[in-house]
Amino acid sequence: RDLYAVLGYKDELTFQDYQNAYDRGDIAARIIDAKPESTWRRQPIISNDGDPAKFTQFETAWVLLAAKRRVFHYLERADRLAGIGSYGALLIGTSDVRKPEDMARPMARLRGPDAVLYLTPFTQRSADVTETEDDSSSDRFGLPRMYSLEIADTGSLKKTAKIAVHWSRLIHIAEGLRENDINGTPRLKAVMNRLYDIDKIAGGSAEIFWQAAKRIMVLQ
């Protein structure tokens, strides 16, 4: 028997299936959010000398950057969004960009924490990998080379604007990697069938009661 056909399960799940479950399902949302909430509840201590009483130049710069740009806040958000699909991405906005087209070239060397202007998290759907490194002699063989970011309305840009972005401007976040280093495993993939079952039980019970109650009301 084709149990997937009999029980109404999907053979192939899409990003939109996971997004819908996350947006409208209380259990699904908890599964995706629980790990980031726990991971980033306490901010990690960043050190490059092992002496907590002494602040190096790097540690001082990091503290300033983390406070000014709310780094851990955006890391938690990126962690949540990465769990919906196969991966997520965190865009690092820097001062070497003057116009959207500059995003397509590699990031220039940053001159201190003030060069980081903003951080923006994206889901898999909003950060599409358009090119991968095909040079087998490169240490980035098979990894993303270019992304296409769908940017929300920012005044001068249209709401559906897509911008080509070089990989050096993004932090690619994927967990549960298997055959490649780009696509991980969505957090809901292993439990989607059970989530469908829960919806059928909860929704079916409510619908049965509603249909029966309507008939009783009509008879009265």
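**View 1. Asp79 and the residues it touches.** Leaving aside neighbours within four places in sequence, Asp79 is in contact (heavy atoms within 4.5 Å) with Pro36, Trp40, Glu175 and Arg187. Asp79 sits in helix α5; helices here are DSSP runs of H or I with at least four residues, strands are runs of E with at least two, and both are numbered from the N terminus. With 11% relative accessibility, Asp79 counts as buried, a label that means under 20% relative accessible area, while exposed means over 50% and partly exposed is in between (1.4 Å probe, protein chains only). Keep in mind that this is a predicted model, where local features need pLDDT of at least 70, side-chain atom pairs count only at pLDDT 80 or more, and totals for chains, interfaces and linings use all residues. Residues are numbered from 1 along each chain as its sequence is written, and side-chain values use heavy atoms, with hydrogens and water left out.

**View 2. Helix α5 under its cover.** How far apart are the end C-alpha atoms of α5? They are 21 Å apart, which agrees with the 20 Å that 14 residues should span at 1.5 Å a residue (the expected span is 1.5 Å times one less than the number of residues).

**View 3. Ser38 on helix α3.** Ser38 belongs to helix α3 (residues 26-39). At 46% relative accessibility, Ser38 counts as partly exposed. Ser38 and Glu76 are 38 residues apart along the chain, yet their C-alpha atoms are separated by 9.6 Å.

**View 4. The two sides of helix α4.** Which residues of α4 are buried? They are Glu59, Leu65 and Ala66. These cover an arc of only 125° around the axis, which puts them on the same side of α4 (the arc is that of the directions from the helix axis to the C-beta atoms). Just after α4, Arg70 takes a positive phi of about 50°.
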